[in-house]
Amino acid sequence: MSTSAHPSADAIDTGRTVTDRLVEANERYASRFTDPGMDARPVLRVAVVACMDARLDLHSALGLELGDCHTIRNAGGVVTDDVIRSLTISQRALGTRSVMLVHHTGCGLESLTEDFRHELEDEVGQRPAWAVEAFRDVDQDVRQSMQRVRTSPFLLHADDVRGFVFDVTTGLLREIDPA
Ligand SMILES: [Zn+2]
């Protein structure tokens, strides 16, 4: 019998890899799945940019259903050039018009600094092309991310861009004033 707190941790006890477990879960998912017959354009015409944090279940937290939105996630939910790439494709090729940014309390990026990058360079002998995008003030980082979206020359729609901080202890969003 497993002593793990979470059923997903059972894989560790049985010699299967985590990925084996996910593939098995997919087989169960597919056995119940019916093709909803959607095309690729998000029903709600919204793209959500969020941190990759494991405690943030975007679809449940925002009441999203399959097909509703584009979900773009990375460490911090920061608006990098690659996020702009995805948003540009989302808006220009797939019809989204709104952008929602979701950072959260207790983000791992708050405990990092750009030293992470320098230490990495010392270890591997190569400087990464990307910035760590660490931050001290999550509200300010949301504002900066909103600003990067609003000022991008590539996007068609920059009027409906709103930013939030998700509280991982209450599940509630707090909106950040862009000013
Ligand atoms: Zn985070």
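Author: Let us begin with a term: domain bounds, as used here, come from an automatic or database domain assignment. Please also keep in mind that this is a predicted model.

Reader: Which domains does the assignment give for the protein chain?
Author: The assignment gives domain 1, covering 1-33, and domain 2, covering 37-176. Their centres, taken over C-alpha atoms, are separated by 28 Å.

Reader: And what are the dimensions of the box that the C-alpha atoms fill?
Author: Along the principal axes, the box is roughly 55 × 50 × 35 Å.

Reader: How many helices and strands are there?
Author: The protein chain has six helices and five strands. In sequence order, the pattern reads α-α-β-α-β-α-β-α-α-β-β.

Reader: In what order do the strands lie in the sheet?
Author: The order is E2-E1-E3-E4-E5, in an open sheet of five strands with mixed pairing. E2 and strand E5 (173-176) are the edge strands, since each pairs on one side only. On average, neighbouring strands are turned by 25° against each other, direction ignored.

Reader: How do E1 and E2 run, parallel or antiparallel?
Author: E1 and E2 run parallel and are joined by six bridges. Among the paired residues, alanine 47 has histidine 70 in E2 as its bridge partner, and valine 46 has cysteine 69 in E2.

Reader: What about E1 and E3, then: parallel or antiparallel?
Author: These two are parallel, with five bridges between them. Valine 48, for example, stands opposite methionine 100 in E3.

Reader: And E4 with E5: parallel or antiparallel?
Author: E4 and E5 run antiparallel, joined by four bridges. Glycine 163 has isoleucine 176 in E5 as its bridge partner. The hairpin of E4 and E5 has six residues between the strands, and glycine 171 takes a positive phi near 80° there.

Reader: Which strands does H4 touch?
Author: H4 packs on the sheet and touches E1, E2 and E3. Its direction makes about 175° with that of E2. H6 also packs on the sheet. The strands touched by H6 are E3, E4 and E5, and its direction makes about 155° with that of E4.

Reader: Changing topic: which residues touch the most other members of the largest nonpolar core?
Author: They are Ala47, Val49, Val99, Leu101 and Val102, out of 28 residues in that core. Strand E1 (46-51), strand E2 (69-74), helix H4 (81-94), strand E3 (98-104), helix H6 (138-150) and strand E4 (161-166) each supply at least two residues. The largest share, five residues, comes from E1.

Reader: Why is E1 said to be largely enclosed?
Author: Five of the six residues of E1 are buried, so the rest of the structure largely encloses this strand. Here, a residue counts as buried if 20 or more other C-beta atoms lie within 10 Å of its own. As a general rule, nonpolar side chains in soluble globular proteins tend to be buried together.

Reader: What is valine 102 in contact with, beyond its neighbours in sequence?
Author: Leaving aside neighbours within four places in sequence, valine 102 is in contact with Val48, Ala50, Cys51, Leu56, Gly77, Phe164 and Phe166. For the protein chain, among contacts between residues at least 6 apart in sequence, 64% join residues at least 24 apart.

Reader: How much of the protein chain counts as buried?
Author: Of its 179 residues, 23% count as buried.

Reader: Why does H2 lie largely in the open?
Author: The number of buried residues among the 15 of H2 is zero, so this helix lies largely in the open. Helix H2 (residues 18-32) reaches 22 Å from its first C-alpha to its last, close to the expected 21 Å.

Reader: And how many residues of H5 are buried?
Author: The count is zero among its 10 residues, and H5 is hardly covered. Valine 124 belongs to helix H5 (residues 115-124). Valine 124 is exposed, with 9 other C-beta atoms within 10 Å.

Reader: What follows H5?
Author: Glycine 125 follows H5, with a positive phi near 75°.

Reader: Lastly, how far is valine 124 from valine 149?
Author: Their C-alpha atoms are separated by 33 Å, and the two residues are 25 apart along the chain.

How values were computed: Residues are numbered from 1 along each chain as its sequence is written. This is a predicted model: local features need pLDDT of at least 70, side-chain atom pairs count only at pLDDT 80 or more; totals for chains, interfaces and linings use all residues. The expected span of a helix is 1.5 Å times one less than its number of residues. A residue is buried if 20 or more other C-beta atoms lie within 10 Å of its own, exposed if 12 or fewer, and partly exposed in between; C-beta atoms are placed from the backbone. A nonpolar core is a set of buried Ala, Val, Leu, Ile, Met, Phe, Trp, Tyr and Cys residues joined through C-beta atoms within 7 Å. Two residues are in contact if their C-beta atoms, placed from the backbone, lie within 7 Å. Two strands pair if DSSP finds at least two bridges between them. Axes are lines fitted to C-alpha atoms, for helices over the stretch in contact, and angles run from 0 to 180 degrees between N-to-C directions.
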